[in-house]
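Reader: I'm new to this one. Can you walk me through it, please?

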Amino acid sequence: MREKLTLPADRNSLADVSELVERYAGFVHLSVTELHDVQVAVAEACTNAIVHGLHEDSSRTFEFEIESDYNTLTITIRENGTPYVMEEVAPVDLTSTWMNRKIGGLGIYLINELMDSAKFSTEPGGLKVVRMTKNAKRVG
Amino acid sequence: MNISGQVWNNVVQINLDGRFDAATAPSVEQYIRDCIGRGLTHVVLNMANVQYIASAGLRVVLAMTKELRITHRGDLRVAALPESVSKVFELSGLFSVIRIFDDVPTATQSFFG
């Protein structure tokens, strides 16, 4: 099964994608924890597109595509906003004291930690693509 | 995200229900700021019904904790993390900077210990 949505660069779009992920997670039989892993990763990737790529200009849109087969959920997010350079993302701070702790860079880190694969690329013409997968890990 | 609160012995318990992401984090932050404005600087965030937390939610938790500790001599303490929320806190290294409790009564009582 596959579905593609074109959504406005508005934070309210996060609810739409989260509900779509929940519906597709049922087709793949993800566990509740696996579902929440995907919802966090999707929230991070879409927030990057909405806030950093498209600057919350709700007249602009991004594309959200979700595909499920028996065992794997694949999600692709595309947007044509401000160019994105991975090397410029702040390194994740996991160790400093509470007074010095910062949250910057955590979004990409969480995507990589919570998904089984995540690929960030820029196509000719500047279209940025995030493609990530989650496999159901069935017990027994 | 539904947000509700109750006050007991000057500790405000804030109950969050739903997704804690970039769409809902500003409402949570504003709710906490309103509590601070009313002089409530001992805050317990009840996360039992949080579906998931993204970095925007973590940012609010950390920012409000810092503000309460530095400016108001208070604290924000987190209670009743569901497994998936706990996993994100752990991955993000927040167990070492935020005081986290198994349940709301223990978190509330910790302000009197």
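## A walk through the model

Author: Helix 2 of chain A passes helix 3 of chain A in a left-handed crossing. Left-handed means that the near helix is turned anticlockwise from the far one by less than a right angle; clockwise would be right-handed. Helices (H or I, at least four residues) and strands (E, at least two) are DSSP runs, numbered from the N terminus.

Reader: Before we go on, what should I know about the model and the numbering?

Author: This is a predicted model: local features need pLDDT of at least 70, side-chain atom pairs count only at pLDDT 80 or more, and totals for chains, interfaces and linings use all residues. Residues are numbered from 1 along each chain as its sequence is written, while chains are lettered from A and ligands numbered from 1 in the order in which they are written.

Reader: Back to the helices. At what angle do helix 2 and helix 3 of chain A pack?

Author: About 145°, with the axes 9 Å apart. Helix 2 of chain A covers residues 32-53, and helix 3 of chain A covers 106-114. Axes are lines fitted to C-alpha atoms, for helices over the stretch in contact, and angles run from 0 to 180 degrees between N-to-C directions.

Reader: Which residues meet there, helix 2 to helix 3 of chain A?

Author: Helix 2 of chain A brings A:Asp37, A:Val40, A:Ala41, A:Glu44, A:Ala45, A:Thr47 and A:Asn48. Helix 3 of chain A brings A:Gly107, A:Leu110, A:Ile111 and A:Leu114. By class, the residues of this contact are six nonpolar, three polar and two charged. Contact means C-beta atoms, placed from the backbone, within 7 Å. Ala, Val, Leu, Ile, Met, Phe, Trp, Tyr, Cys and Pro count as nonpolar, Asp, Glu, Lys and Arg as charged, and the others, Gly among them, as polar.

Reader: Which residues of helix 3 of chain A are buried?

Author: A:Leu106, A:Gly107, A:Ile108, A:Leu110, A:Ile111 and A:Leu114. Buried means 20 or more other C-beta atoms within 10 Å of the residue's own; exposed means 12 or fewer, partly exposed is in between, and C-beta atoms are placed from the backbone.

Reader: What do they pack against?

Author: In chain A, helix 2, strand 4 (117-122) and strand 5 (128-135). In chain B, helix 2 (55-72) and helix 3 (83-91).

Reader: How do strand 4 and strand 5 of chain A run, parallel or antiparallel?

Author: Antiparallel, joined by six bridges. One pair is A:Ser117 with A:Thr133 in strand 5 of chain A. The two strands form a hairpin with five residues between them. A:Gly125, in the turn, has a positive phi of about 100°. Strands pair if DSSP finds at least two bridges between them.

Reader: And chain A overall?

Author: Chain A has three helices and five strands. Along the sequence, the pattern is β-α-α-β-β-α-β-β. Buried residues make up 39% of its 140 residues. The C-alpha atoms fill a box of roughly 45 × 40 × 30 Å along the principal axes.

Reader: New topic. How many residues of chain B are in contact with chain A?

Author: 21 residues of chain B, and they contact 24 residues of chain A. Strand 3 (42-53), helix 2 and helix 3 of chain B each supply at least two residues of the chain B side. Helix 2 of chain B gives the largest share, seven residues. That side has 10 nonpolar, six polar and five charged residues.

Reader: Which residues of chain A does B:Leu62 touch?

Author: A:Arg101 and A:Ile103, leaving aside residues up to four places away in sequence. B:Leu62 lies in helix 2 of chain B. B:Leu62 counts as buried because 20 other C-beta atoms lie within 10 Å. Its C-alpha atom is 8.8 Å from that of B:Leu76, 14 residues apart along the chain.

Reader: What about the sheet in chain B?

Author: Five strands form an open sheet in the order 1-2-3-4-5, with mixed pairing. Strand 1 (2-8) and strand 5 (99-101) of chain B are the edges, each pairing on one side only. Neighbouring strands are turned by 25° against each other on average, direction ignored. Strand 4 (residues 75-79) and strand 5 of chain B run parallel, with three bridges. B:Ala79 has B:Phe101 as its bridge partner in strand 5 of chain B.

Reader: Where does helix 3 of chain B lie?

Author: Across strand 3 and strand 5 of chain B, at about 110° to strand 3 of chain B.

Reader: Last one. Is B:Asn9 buried or exposed?

Author: B:Asn9 counts as exposed because it has 9 C-beta neighbours inside 10 Å. B:Asn9 sits in the loop between strand 1 and strand 2 (11-20) of chain B. Its phi is positive, about 50°, although it is not a glycine. B:Ala80 also has a positive phi, near 60°. B:Ala80 lies in the loop between strand 4 and helix 3 of chain B, and with 22 C-beta neighbours inside 10 Å it counts as buried.

Key
Contact = placed C-beta atoms within 7 Å.
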